Amino acid sequence: MHRVKNLISVWFFMCLNLSLTALPTHSLINAAKLDHCPFTVGEILTYNVKIAGLSAGTQVTQVTDKTVLNGHQVYRFVSESQTDSVFRKLYHFRDRQESYVTTDQLHPLRHVKDLEDRKYRARVEIDFDIERGVAQYTKNENGKVFEIPTGIQDELSMVYFLRSKELNVGQTYNFPVLIKDKTQDVTVNVYRREMMKTEALGRVETLAIRTSHGYLIWLTNDARRIPVRIEAATRIGKLIGTIEKVDSRKKMR
């Protein structure tokens with residue numbers, strides 16, 4: 001069940017405990033950006049997660065607004081994942097995250113996570129000082145400061161960072177991500193183009209991506225780069241997360 005609850009946060013934990021791939025890699029930090037931003041303020045993506053064919057939970061990610069933090073123009077991203085249906089009766093899990101990310105380079109400046117795992121409660125706050133190359137990490141009021149590499153991403157911002165880049169089929173990319181209080185080198189391989197039928201978007205061409213942990217992810221191969229599907233093996237069956245709804249609103253709170 002521990003494996004299941006981590007995978008409910010389908011897009012945020014896709015790189016948890018990744019190992020390095022043996023394939024030649026290219027830095028995603030240095031990769032060319034798309035000539036446009038693939039997401040806009042007001043974007044809301046709703047996902048349904050099933051395990052072994054049973055509904056296990058939902059996830060909603062939002063680009064809520066643009067604001068200013070520490071003198072930087074930033075996007076505010078919000079995501080909430082929780083168990084539902086039969087799984088909620090068996091295992092209560094809720095994960096809410098916010099990230100404040102610079103609008104130009106998509107560098108995270110602040111990340112907040114509120115976790116409910118059965119009776120366990122945790123609040124994590126991370127403040128990134130990109131000029132000094134350090135992060136202040138606080139969990140339930142216990143904090144520490146440590147060094148971070150250039151281009152570090154957090155568990156939520158990394159999805160938008162991946163969406164913003166030119167991705168070439170056959171290439172493998174790496175970039176640093178802060179998972180909990182540890183920096184990990186994440187690798188993703190873009191291994192083919194694939195047509196996919198979705199409930200929310202109809203039939204779309206996607207870029208199929210394999211992570212070094214064995215997860216499969218599909219991004220639309222269009223201007224929006226929307227994550228539409230993820231697959232992963234669990235101890236009780238295959239996990240499949242699929243996009244259920246795409247909304248666009250002018251501003252959300």
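Biologist: Which residues is Ser99 in contact with, leaving aside its neighbours within four places in sequence?
Modeller: Those are Tyr75, Arg76, Phe77, Arg110, His111, Asp154, Leu156 and Ser157; contact here means heavy atoms within 4.5 Å. This is a predicted model, where local features need pLDDT of at least 70 and side-chain atom pairs count only at pLDDT 80 or more, while totals for chains, interfaces and linings use all residues. Residues are numbered from 1 along each chain as its sequence is written, and side-chain values use heavy atoms, with hydrogens and water left out.

Biologist: Thanks! Is Ser99 buried or exposed?
Modeller: Ser99 has 0% relative accessibility, so it counts as buried. The cut-offs are under 20% relative accessible area for buried, over 50% for exposed and partly exposed in between, with a 1.4 Å probe and protein chains only.

Biologist: What does the side chain of Ser99 make a polar contact with?
Modeller: With the side chain of Asp154, at 3.0 Å. A polar contact is a pair of N or O atoms within 3.5 Å; within protein, one must be able to donate a hydrogen and the other to accept it, and residues adjacent in sequence count only if both atoms are side-chain atoms.

Biologist: And where does Ser99 sit in the fold?
Modeller: Ser99 is in strand E5, which covers residues 93-102 and is joined to E6 by nine bridges, running antiparallel. Strands (E, at least two residues) and helices (H or I, at least four) are DSSP runs numbered from the N terminus, and two strands pair if DSSP finds at least two bridges between them.

Biologist: How many residues lie between E5 and E6 in their hairpin?
Modeller: Five, and Leu106 in that turn has a positive phi of about 60°. E6 also pairs with strand E7 (residues 120-129), antiparallel over eight bridges, and there Arg110 has Asp127 as its bridge partner in E7. The E6-E7 hairpin has two residues between the strands, with Arg118 in the turn at a positive phi of about 55°.

Biologist: Why is E6 largely enclosed?
Modeller: Eight of the ten residues of E6 (residues 108-117) are buried, so the rest of the structure largely encloses this strand.

Biologist: Switching to rings, how many aromatic pairs does a search of the whole structure find?
Modeller: Seven. In one of them, the ring centres of Phe39 and Tyr160 are 5.1 Å apart and the planes are at 80°, so the pair is edge-to-face. Rings of Phe, Tyr and Trp (its six-membered ring) pair if their centres lie within 6.5 Å, with planes under 30 degrees apart counted as stacked, over 60 as edge-to-face and the rest as tilted.

Biologist: Which parts does that pair tie together?
Modeller: Phe39 is in the loop between strands E1 (26-27) and E2 (43-51) and Tyr160 is in helix H3 (residues 157-163), so the pair links parts that are 121 residues apart in sequence.
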